[in-house]
Amino acid sequence: MSTKSPPSYRRALPSARHLFDIPDDIAYFNCAYISPILQKSSLAGQDGVKRKAQPWTITADDFFSESEKIRRLFATLIDADSDDIAITPSASYGLATAARNLPLKAGENILILADQFPSNVYVWQDLADRNGATVITVPRPADGNWTAAILHAATPTTRIFALPHCHWTDGSIVDLVAIRALCDAQNAALVIDGTQSLGALPFSVKDIRPDFVATAAYKWLLGPYSLGFLYVAPKWQNGHALEQNWITRHGSENLSRLIDYTDQYQPGARRFDMGERSNFALLPVSITALEQILDWTVPDISRTLGTITQRIADALPMIDRTAYQAPHYLTVPLTKHDPHALLNALSDEKIFVSLRGQSLRITPHLYISDHDIDRLITTLAQHLSQHLR
């Protein structure tokens, strides 16, 4: 009699725990909340702070060199050109930039998802209110297939599809290539919040052809808080910036001639850069992180995180994983017990996850070790059998 072979959980990438400052007794499955930064990123940030302590060491070129380097790195990550990238303080800043530049008429509508992250909701409600338009909210599909639900809910007057790549609460994925095809058919814009996907899911602007992609850096990009990026498709790069600052103008490299005011901007999407983009502490942190992510490669990161979450799901058969869930996410629905009690029980064991609604959200990164996985499985197995539907 033949026996079924046990599943293989060989990782595409080994544990990178030694690159992070995470104590041995901490199991941190909460990257979708906020990631730790690499130890070398922390050192780079400290060096940046030291530069500000000695400002005579900061040259005019320093205001431009690091911002151009980080622009190139992020562009490489999403298969774009450097000229397509603006440096922002947050995803909401990027989304507000998109909203300022996209045309919308009375009677038209903007499509979003139910329970979408607030920063990707309020901006569209405001835009619709100011233009006599409406917001269509797609109900959560029972089977997790957001793509089919979006295609069904869209109308001929949907002019903006404001979507994530995967839903922030449970990681359910949206087929953005299919949505782009619908956008093309009815002359609609596609705006993506990539905060919960970029760095963990392969993403190419050449395949998806979005109009705008906004993201924060402090989650899957392993970067600092208060830094983000905005991809702007070439057709929108002559648009209106949220703010007018000196460094985005043509010729700003010559600090001695800044009073030569000009209507010309730096090329590409640079006109959309935030003021004080040349942050001498934050940019080095993110540069180091992006270099490491590109060295690992996003496809290998994604495969490795999928291996981790699948191992957990296979060990806990009460977890029902859908076919539409991103590999870096695992959710545990709870109905028969106070979810806060389970969250606290895990926290007492120094195992950290998130609670979103009535579900635990488990989101690992490469710092997760086999020991972390075993601890999580054992602790969940002890507490979940009576709590899961």
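T215 is located in strand β7 of this predicted model. With a relative accessible area of 1%, T215 is buried, since the cut-off for burial is under 20%. Leaving aside residues up to four places away in sequence, T215 is in contact with F74, T88, S90, A91, G194, T195, L198, L221, G228 and F229.

One of these contacts, A91, is also among the buried residues of helix α3. This helix spans residues 91–101, and eight of its eleven residues are buried, so α3 is largely enclosed by the rest of the structure. Besides A91, the buried residues are Y93, G94, L95, T97, A98, A99 and N101. The packing partners of these buried residues are the strands β2 (85–88), β6 (189–193), β7 (212–216) and β8 (228–232), together with helix α4 (122–131).

On the surface, a nonpolar patch is formed by W246, L255 and L258, whose accessible area together is about 240 Å². L258 is found in the loop between β8 and α8 (282–296). The relative accessibility of L258 is 33%, and L258 therefore counts as partly exposed, a class that lies between the limits of 20% and 50%.

As for confidence, the average pLDDT of the protein chain is 94, and 96% of the residues score at least 70. Over residues 1–5, pLDDT stays under 50. For this segment the model has zero contacts beyond four places in sequence.

Technical notes. Residues numbered from 1 in each chain as written. Predicted model: local features only at pLDDT ≥ 70, side-chain atom pairs only at ≥ 80, totals over all residues. Heavy atoms only, no water. Buried < 20%, exposed > 50% of the residue type's maximum accessible area, 1.4 Å probe, protein only. Helix = DSSP H or I, 4+ residues; strand = E, 2+ residues; numbered from the N terminus. Contact = heavy atoms within 4.5 Å. Patch = residues over 30% accessible without salt bridge, like charges linked within 9 Å, V, L, I, M, F, W, Y side chains within 5 Å. Areas by Shrake-Rupley, 256 points an atom, 1.4 Å probe, with all protein chains shown as cover. Salt bridge = Lys/Arg side-chain N within 4 Å of Asp/Glu carboxyl O. pLDDT = per-residue confidence, 0-100.
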